[in-house]
Structure formats: structure tokens, C-alpha cells
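Here is a short note for someone opening this model for the first time. Please read the points in order, with the structure at hand.

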Amino acid sequence: MLKFTRRFSLAVSVATISLAALPAMAQDYPSKPVTIVVSYAAGGGTDAIARVFAARFEKALGGRVIVENRPGAAANMGTDVAAKSDPDGYTLLIGNQGPMVVNPHIFKLRNDPAETLDPIAMIADATLVVVAGPRLQVHSMQELLKQAKAGELVYGSAGNASASHVATLLMGQMAEIKLKHVPYKGAGPAINDLLGGHIDFMVTTVPSVIGLIQDGTLKALAVTGKDRFAALPEVPTVAESGLPEYSASAWYGLLGPKGLPEDVRTKVADATAKTLADPAFIESLRKDGGVPSHLVGQAFADFMAAERTRWGEVVKAADIKVE
Amino acid sequence: MMAMFEHLGLGLSVAFTLQNIFFCFIGCLIGTLVGVLPGVGPVATISILLPVTLSLDPTGALIMLAGIYYGAQYGGSTTAILVNIPGEATAVVTAIDGHEMAKKGQAGLALGLAAIGSFIAGTFATIVIAALAMPMTKLGLLFGPAEYFSLMIMGLVLAVVLAHGSLVKALAMIVAGVLLSCVGADMETGRERMTFGLQMLTDGIEFVVLAMGVFGFGEIFKNLADPEKRDVMRGTIGRLLPTLKELRQNLGAILRGTGLGSILGVLPGNGAILAPFASYALEKRISDRPQDFGKGVPQAVSGPESANNAGAQTSFIPLLTLGLPPNAVMALMVGAMMIQGIVPGPQVIQNNPDLFWGLVASMWIGNLMLVVINLPLIGVWVKLLKVPYRLLFPAIVAFCCIGLFSISNDAGQVIMAGILGLLGFALYKLQFEAAPLALGFVLGRLLEEKLRQALIISDGSMTTFLTSPLSAVLLMIGLVALIIAVLPSMRKSRDEIFTD
Amino acid sequence: MTQEVIHVDLPARPPTPPASPPSYPWLGRERLAGLSLVVFGLFGLWAGSDLPFQGEGGVGSGLLPRALSIMIILLGLMQIAVTWNDRAETTGSWPIRDMLPVLIGVFLFAITIRGYDFGAFSVPVLGMAVATPLSIIFSGIAAKDVRYGELLIFAAILTVVCIALFRYALGLSLAVAPWLIGY
């Protein structure tokens, strides 16, 4: 059986070489569909951003762009796929801070994103928001911190080591308070328990709760970004509310495998820049709670390195580690 | 009451435009297609179509996406009945008696009852949403981790009732299912559990992989091993549609299923999966001939199918009233709303009444559409069974392989399903039933998650499950159900000993 | 005709026509079932033996797997005890060889659809155009009444249908034939 397969595969490899292995020339790029790998299953926040981006990126690049979901291994699978792909520009990756800068501190990775991936550009930056449920009678971030000092508060997160989790960890560490973490599978069930009064508060993405904030069902205490958020102008930042050093956000970037040919890389970067300036993209991104970022190339790489150091300290202090 | 009809009237006027009916039809058609294809679920389809909906108007886009969702629910039952492959957890129950009916030549009856039951359930659930959306929302919020855990325990007890053979074996299958659900990264610590370092196991076993392996491939192996038993399905086909008398016999089951489904559908975290087998358990308990359940009883198809559809529909309630998605499909609907510039949440009903009521009304139209699409299709599906088995099963293998691969673009999943097929065959040989295994597996995930969340909140105190009145009541129901389930079988085995 | 099918899945009743006595009378079907459960439970205990028992809130990642494995072992022992005096029944034949072609078909699909690296050699990405017919033809061989010509034609038609359906109609990101058309 094995013999057959091997001979068969050999025959096909020969066919492959003769038929399609013409050198991929940059001026032809893209001459076949470009695949954007997403490390999460279809239907999540990263997937949504990737698909909105891909739909616009396709126009800027002038060739078909396919989103391919490669979930698995705590989102490290996507990193592996991109890292191991041929650096020809036909496989790119949408990475967020989970697999890019938090996971290297938690998991033993087969492919370290800093060494195997080439950061092309950051495409979106989304602030998170601290919301308190009906069980917790507080009206400001300061009150929340005071209550947390008095007694242990329970917070929910969208999952272990998720942006929502690490952002709360950082807050607890900076404020020197002890908090009780309840991990959920995604923000939805956690918000449900927040509304039902089963947990006290949580840090989550703006789109997941904006309706409930505007309605007054949930109280928005602060946003986690450096600046206030346009859709919630009256909500202060965490930094304004007693933790001046604090900032955290969920970000998404486009990366490729290391070793992209310079001209292909330029084409991808140009198309990305064009997409980020596309009003239609900005508009859909804004609805997803994000703002387009303008960190390109080395600036994005530096940002990732800084984020990695920062979150490394946070997860180390919280002793999150997977053997 | 008047207000409700006014609202539904507004909704119907929105939904009954030619354009929206067209979107609804397209959605239901695509949904039926992806539901029938094993492995390709509504989640993948909707996320692929999401950017396309950008160019549509919001109401039309949402109506289409909703159509895909309930079309897929219904399409999944078709595959479960015809070839015993439940594409979703909710179809496991349908497969038990539905496929037995198909083997008896009653595939048409089973499919017809499923379609009509679903339609009745859909109609009722639409009214429930219009009239009771707000109070039902509060019901969902009562369920915190402790209450949810107790609900799952109750569900596992109900799973015992699903089995028609040995009680010990059924219990063992449920426990084994829960154990299988533990495989993969621990949700609290991320630590890998029982994965043996295999990458395909790190995120646990996908339900679809388990179902396609144990049920789909298992069934094929079973038929290959006992070839004389496999071609009988082709012999008789029977009537395509149920008679009025059959409908009357099933009406009770349909209504009871609808009621159960409507209530369980609003539970967070996909509590709707409990609906079909709560209905099965109920029908079996009140039936004159409980011993026939598992051998092709129509009520065991019409009841759970109605429950499933009603639950699928009322699970829109948390989405519509709170903007909270109870499952992955609903999360995509949120995404679709956001893309359209609509903020999901309590205000949708005030800010976008035409969208809200249009969507509600479209649910009913969608269900009508499904009947219109599917009743004629029943003839086609049943004819499919006439394809010689020597060609039918390779086609099933190919469709399963593609579906399995497309779940996460991972070849490991395809191989895993093949191995699970052998497990399915072994279960058949040892006369274990696979349905309790599948349900234990589905509920197991939630069970452990909620147990640990509840204990973190309560600082490790087990009394949290009793101090919450709701939780205590649920546990009590589970206990009573367990006693009822165990008693007759103990009496029976005693009788057997005496007659020996 | 139909009547014969129905009782196939009826547990706890002797199948008709009466099954031949098992070749190992001391290991009938029910006892084998119980024994399998015990073995499965022991396997579960072993597989979860590295997991911590305690965790946040008292429940560690190892608690449930261990408790469940023990329950399965106990249920297995119970199964053996309950059926101890029953007449031993055979499980029938286990014609693994008849199923092997299907497994091979599934395996070939898995390694060809996206290619696979075995270390010693690797399978290139052959896509749906190769993987689909391979799975159909190999599984088709498993049928005792296989007709090769018919199977080949059927495989060719179904492959075209699958490519049209999954790749083009549903828009799934599956490779069709990268060696021929580039994607």
C-alpha cells in the first residue's frame, strides 16, 4: 500500500513540477488566490474582522483573497500554518495579541511568531470596556477598585488568556487587588451571567455590550484604551480613573511568513495601506468597535515586541502557564 | 394582546415584500442544502456569506441569514433520518427512531412528520417570541453556572431514558460520552488533557467528528459486515406524506415538543440542545408502548423535531432582547447586525421596530417556506435511497470526508472520524447504543464548564447547588426521573430472575 | 422482508435466526461488553494520570476524568455481574478486512486533500480532484457486489459535483487541483 502511495505521489510530484512550478514572479503577483489564515473558527470576532478586511483587501490587491479558518491548539495552529507556508505572498495570517504575544509566554510553541513571521501591518485596534452588572452597586471605576479592595470580586472573561482576561489581570495587578476569575467560552455566556448577577463585572469588547450600555442595563465604568472611545464619549479611560499607567486593547495585524520577496511584500503592504484608508473598511471596522491602525512594518514589529514584554510580565505575575 | 397582533402585522408587512420573501426563500434553500450535507454547518456558511450581505438592506440580509439557520436545522434532520448521520447534536434524537422508520420503509412518513411538526412548532414559537420575548429573557438570566449545572445533570438523567436496552450499558455510555468530552485543552488552565500529544486532539473532539464517525462511518461498517441487512431499505418506500389520522396521532407529541422547545430555547449557552431529548423522554414516558421506542415510533420523531425547531427559534430571544448570542450562529447574526450598523441589544425593538418585527414575522414565513421546499423534496430524498448501496455508501464517505475536512481544514479530523467509525462498529457489535454516548458527550462539555464556574464563584462550596432554589428543583427532578428510570428495570430484572 | 430488519438493533433479546454459540463460551457478548468498559475505564485513568486533582475552586482538570473513569470501571464490573448467569451469546464475526478499503479511502483522502508530510517522504497537495475520487473508489471496492466500470464513472461524476458544490457554490476554501490549475 505504502509503496503504491509513494510511487503515486512521486508521479504526481513530477506532474506538479512540470505543470505549475513555474517561478512565481512578483510582477504577476497575485496570479492565484491569496489565502488569509485565521487562527479561529468561523464566526468569531477575529474571523469577522478578517473577512471584512479580506473583502476590501481583495479590491486593493486586484486578485481573489480567500479566508481560511485554521483553528486549533489555542490559536497556535494558525501561527504554525503561516510560519511553515512558502514565503511567496500567497499565504498570509491575521494575528491578534493572543497567539502573537501572549501565547509565547504560556505555551511551548513550535513556531515563535517573533522569529518565524514577518509583521506587515497592524490593521485594527479595538478598545475594551469595563462593565459592571446589577449585582455590583458601583457607578465608577474608582468605586469598583474600592469595593475590590474591601472584598474579593468575581469577574468573568471570554476565556483563559483571552484579551478580556489579561486586560483584567493587568488591572488587578496595577491596583494591587485580588480578583476571582471565572473563565467562559466566549463573551456571550459571560455577559449573560453578568446580567443575571452571577458575576460582578467583566472587561469585554465594546460591540458585545454596547447595546446593553446604551440601554442602561449594564454600567460602563471605563474603557481600557489610551483614549476615550468615540461611541461612548462620557465613559472615562481606566487611566483617568486612578490607574494612570494602564492601557490595553485588542488588536489585529496582518503577517506573512519570514522571507517574503521584497517586491511581493511591497505589493501586500501597499494594498494593506490602501485598504486601511478605504472609507468602507473604516466604516465596517467602526461598527465592529475598532479603529484602523497605521502601524506599518517595523513600527508594527516594535509594537508587537513591546506588547510581548508587557503581557509576559502580566501572565508571569498571575502564574498562568501550561506545561 | 392587541399590541402583539399589531406588531406581527407590522412584521408581516415588512417581511411580505417580494424582495424579502425572495431572501427568505434563498436562505431556506441554502440552509436546507448545507444542513443536508454532513459537516458543512450553518456557521461556516453564514460566515462565508457575511461580507456578501453588506450590499443587502439590513432586514433582507438578516432574514436570509435566519433562513439559513432554520433551513439547516431542518436539513440536518433529513440526513439523520435517511442515512443516520446527525450533523448536529439536536439531530441525534431524530436519528434514533427516524432512521429506524426509514429502514422500515417509512422514510417519507418520518420526513413528512418532521416537516409538519417543525412548521407547527415554528408557528407557535413565532407567537411566543412576539408575545413573551421579554419575560422569557428573564428566565434565561436566572440560569447561572450552578443552575445550569443542575440542568445538565437533569439532562444526563433524561439521556438514560433514550436507551431502549440495558440500563447499565446506557449509563456506561453516558459516562463514557462525558469522559470523551473531557479530551482536549482544559478551559480553565489551557492544560492539555488526555491528548497524547496529538495535535488533532488539542481542542477536543468536535461533535460533528464524533457523530460522523460513530454514526455515519459506523453505520457503513455495520452494513458492510452484515450485507444481507443493508439493502432492505430500498425494497419498500411507502407513502410520502402522513395521513390525517397519522397527523392526529402525532399532534399531541408535536404540541408537547413545541412547548418544551420554546422554554428550553431561551437558555443561554445553547440550552436548546436539551429540547429534543427532553421531548423524547417525555413521549416515551407517556406512551402506551414505551418498549417500541428506538424501533421507529413516529411520535419519537415528530415530538423531538418540533422541540428542536421551537428551540431553534426561541433561541433568537436573547439575541433580540439583549443582543446576547446563545450559540455560534447567533453570534454571526450579531456580526451581521453590526455590519449593517444596527446595535444588537434591548433598544433594537424601539429603534428598529420594522427590523425586529420583520425578522420575527420572517421566521414564520421561513417555516412556511421550509414546508414548501421540503415536502416536494421528500420524494427526491426517498428516491435517493433507491440508489444501490454499493454506490450510495462511497458517496456518503466522500461527502463526509469533505465535510469533516472543511470543519477546520484539518486532515486529522478526517482520520479521527474513520477511527471513531471502528468504535461505532464495536459498539454495535457489543450492543451498546450510541445515542446516550453522543448526548453524554454534548452535555459533558457544559457540565464540567458550569461545575467549575459555579465552584469558583462559591469558593468551592458544593452547597451552592442546593441553596439556589432553581438548582435544587432541577436536581430533584433529575433524581425523581432517575428513580423512575431505574425502578422498572430493577423490577424487570427481578421478574426475569424469578421466571428463570 | 422489512420485519427481519427491525429486530436487528433490539438489544437484550436473542437475535433470530438463533446465533451460533460463541467460540469462547466464557466470553459472550455481554461479558465482553463489561470487560471492554473496564479496559476503557483503566485506559482513561492512565490517560488522565498526569492531571492535577485540585484546582481553583477545588476542581482540578484531573478530577472529572478520574471520577468518570472509575465510574466506567464500576459500571463495567456491574455489567459483568448482572449478566453473569445469562446464556453467552456470540458477537458474530468481526470482518475488519471488509471494512479496510473504506478506511484506506478515508486515509487517502486525508493525506491527499492538503498533502501530508510523513518525514521520510511527503505527499503534495493534490486537492479535491484527486482526494475525492480516491475516497469513492477505495470505499466502493469494499462492496461485495462492486462493479468497477460503474464505480469509476460514478467517482468521476461525483467528483465534479463535489467540486462544483463545495468549492464554487458554497465557497469553501478547499484546494481543487493546485498541480493543474494553481488552486
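1. Start with contacts. Two residues count as in contact if their C-beta atoms, placed from the backbone, lie within 7 Å. On that basis, 44 residues from chain A meet 45 residues from chain B. This is a predicted model: local features need pLDDT of at least 70, side-chain atom pairs count only at pLDDT 80 or more, and totals for chains, interfaces and linings use all residues. Residues are numbered from 1 along each chain as its sequence is written, while chains are lettered from A and ligands numbered from 1 in the order in which they are written.

2. Which elements of chain A face chain B with at least two residues each? They are helix H2 (45–61), strand E2 (65–69), strand E6 (179–183), helix H8 (187–195), helix H9 (206–214) and helix H11 (279–287). Helices (H or I, at least four residues) and strands (E, at least two) are DSSP runs, numbered from the N terminus. H8(A) gives the most to this side, with 6 residues.

3. The side of chain A that touches chain B has 21 nonpolar, 12 polar and 11 charged residues. The classes are simple: Ala, Val, Leu, Ile, Met, Phe, Trp, Tyr, Cys and Pro are nonpolar, Asp, Glu, Lys and Arg are charged, and the others, Gly among them, are polar.

4. Chain A itself splits into domain 1 (26–126 + 249–318) and domain 2 (127–241). Such bounds come from an automatic or database domain assignment. The C-alpha centres of these two domains of chain A are 27 Å apart. Their contact takes 15 residues from domain 1 of chain A and 14 residues from domain 2 of chain A. On the domain 1 side, helix H4 (97–106), strand E9 (249–257) and helix H12 (298–317) of chain A each supply at least two residues. By class, that side of domain 1 of chain A has 9 nonpolar, 5 polar and 1 charged residues.

5. Now turn to chains B and C. Here 61 residues of chain B are in contact with 70 residues of chain C. Several helices of chain B give two or more residues to this side, including H3 (42–53), H8 (167–181), H9 (207–225) and H20 (434–457). The largest share, 11 residues, comes from H18(B). The side of chain B that touches chain C divides into 35 nonpolar, 12 polar and 14 charged residues.

6. One helix pair joins these two chains. The axes of H19 (411–429) of chain B and H4 (96–113) of chain C come within 8 Å and cross at roughly 175°. Axes are lines fitted to C-alpha atoms, for helices over the stretch in contact, and angles run from 0 to 180 degrees between N-to-C directions. H19(B) and H4(C) are therefore roughly antiparallel. Angles under 35 degrees count as roughly parallel, over 145 as roughly antiparallel, 65 to 115 as roughly perpendicular and the rest as oblique. Ala411(B), Val414(B), Ile415(B) and Gly418(B) form the H19(B) part of the contact, and the H4(C) residues include Leu103(C), Phe107(C) and Ile111(C).

7. H4 (58–83) and H13 (299–314) of chain B have axes that come within 10 Å and cross at roughly 160°. H4(B) and H13(B) are therefore roughly antiparallel. Tyr69(B), Tyr70(B), Gln73(B) and Ser77(B) of H4(B) meet Glu305(B), Asn308(B), Asn309(B), Ala312(B) and Gln313(B) of H13(B). The class count is 3 nonpolar, 5 polar and 1 charged.

8. H5 (91–103) and H6 (107–142) of chain B pack at about 140°, with axes 7 Å apart. H5(B) and H6(B) are therefore oblique to each other. Thr94(B), Gly98(B), Met101(B) and Ala102(B) of H5(B) meet Ala107(B), Leu109(B), Ala110(B) and Ala114(B) of H6(B). This contact has 6 nonpolar, 2 polar and no charged residues.

9. Last, chain C. Its domain assignment gives domain 1 (25–82) and domain 2 (96–181). The C-alpha centres of the two domains of chain C lie 38 Å apart. Residues 32–51 of chain C are 80% helix and 0% strand, with end C-alpha atoms 29 Å apart. Residues 151–181 of chain C are 74% helix and 0% strand, and the end C-alpha atoms lie 26 Å apart.
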